[in-house]
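Biologist: I would like to learn how to read a protein model step by step, with the general idea given before each case. Could we begin with one residue and then widen the view?

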Amino acid sequence: MKEKKKSRLPIILTVVFCVLYVLLAVRPLNTELKLTQEWSEDIQRTPQTASEDDILIPFKLGQTMGYFTQDGKIVSSISFPFKGTISSNYYASYSSGNTATIYYSAKTGEQHVLNVPGYPYFDGNRIFTFLPGGTSVTEYTEGGIQLWQYEGYSPITAFSASENGRIIGFADGSLVSFTKNGKQNQTLTPGGSQSQVILGAAISDDGNTIACISGQNRQRIVVARKTGDLSKIIYHDYIGDYTSRQLLVKFSSRHPVVFYDTDQGLGSVNINSSKNYMIPIDGEVIQIEESDESDFAYVLSKKDSTYTVTILEEARYIAGSFSFEADSAFIQVRGDALFVGKNNKISKVRVTRS
């Protein structure tokens, strides 16, 4: 009898362990995402007039750029033969031998001129020109008055701007950041590689934290923060397989996180905890846009002719994704609405939980 009781003991313990595991480890499952297309419009349709209250959303698809509204009005659709640049505030087209830039206000259509050679770039209400030779950049006011200019000695390979900062990366592996007034406040040469080059760079909204992907063989992600008059590297890590293409680096607007593109996926570094997560996204990351009304971040990536939109939560968990074939594509986010451009079509997609 005692032997029977002993032989049953392991079974009883196993059952008890399983019951406790289920009771203690069970977590409620997240509800599924529901994607609802609310409208789809052709960008070649006759432009409609926007009201004063309409928010203009920029788009660029192939050799066409313009603006649309949240309710599906295509306000403008402009073809450009060579290159075009557009933001929520301005747009312009330019040629390979650009000697001056005529640019326009998105809202009023007012024309302005930058009487300098080079290639314009708009970021919101910020106006830049990359000067001939590829080593210098200038920032201007809305009316085309020069705010500041920085002349480097090596070709510019990365550039980014935020509300309170600007950052430039160079082919020689150096990184320089500025205040919004053009005052230089950080200089960094990450090093650590046989071939020094900055392939992607970003600056935080407050202008105090910078991040970059630098070098080849070995390649790494580097994050530095300015405190007082000192700049200190607060995170760095080597990337598995290096690449020579330009890479997207971007600070999250909702989390203490910097995203960075690699050939292994999308990296997500929490700069407070120094934890690095690799999100399995296939292909080159084209855009990362975040909602200001939910915890969703939307990642547009491309592999061959296939585009994929991946929806992230908490800047590192994949909540869902969808793919489509296209020659060109873009994404924009306003509130809780996702706008997806594909070839000649723009669609509004509502993302909710079911």
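**Reading the model**

Modeller: Contact here means heavy atoms within 4.5 Å, and, leaving aside its neighbours within four places in sequence, Gly-173 is in contact with Leu-188, Thr-189, Pro-190, Gln-196, Val-197 and Ile-198. Please keep in mind that this is a predicted model, in which local features need pLDDT of at least 70 and side-chain atom pairs count only at pLDDT 80 or more, while totals for chains, interfaces and linings use all residues. Residues are numbered from 1 along each chain as its sequence is written, and side-chain values use heavy atoms, with hydrogens and water left out.

Biologist: Where does Gly-173 lie, and is Gly-173 buried or exposed?

Modeller: Helices (H or I, at least four residues) and strands (E, at least two) are DSSP runs, numbered from the N terminus, and Gly-173 lies in the loop between strand 14 (165–170) and strand 15 (175–179). Buried means under 20% relative accessible area, exposed over 50%, and partly exposed in between, using a 1.4 Å probe and protein chains only; Gly-173, at 2% relative accessibility, counts as buried. The C-alpha atoms of Gly-173 and Ser-195 are separated by 8.3 Å, although these residues are 22 apart along the chain.

Biologist: How many helices and strands are there in the protein, and what share of the residues is buried?

Modeller: The protein has one helix and 31 strands, and buried residues make up 48% of its 354 residues. Taken along the principal axes, the C-alpha atoms fill a box of roughly 100 × 50 × 35 Å. Among contacts between residues at least 6 apart in sequence, 39% join residues at least 24 apart.

Biologist: How many bridges join strand 2 to strand 3?

Modeller: Five bridges join strand 2 to strand 3 (residues 64–68), and the two run antiparallel; Lys-60 stands opposite Met-65 in strand 3. Their hairpin has two residues between the strands, and there Gly-62 takes a positive phi near 60°. Strand 2 (residues 57–61) is mostly covered, with four of its five residues buried.

Biologist: What counts as a salt bridge, and how many does a search of the whole structure find?

Modeller: A salt bridge is a side-chain nitrogen of Lys or Arg within 4 Å of a carboxyl oxygen of Asp or Glu, and a search of the whole structure finds 14 of them. In one of them, the side chains of Arg-245 and Asp-263 meet at 3.1 Å, N to O. Arg-245 lies in the loop between strand 20 (230–239) and strand 21 (249–251), and Asp-263 in the loop between strand 22 (257–262) and strand 23 (265–270), so the pair ties together parts that are 18 residues apart in sequence. Both residues are partly exposed, Arg-245 at 21% relative accessibility and Asp-263 at 47%. Elsewhere, Glu-38, Asp-336, Lys-348 and Arg-350 are linked in a network of salt bridges.

Biologist: Which residue forms a salt bridge with Arg-254?

Modeller: Asp-295 does, and the closest N and O atoms are 3.7 Å apart. The pair links distant parts of the chain, 41 residues apart, with Asp-295 in the loop between strand 25 (284–290) and strand 26 (296–303) and Arg-254 in the loop between strand 21 and strand 22.

Key. Two strands pair if DSSP finds at least two bridges between them.
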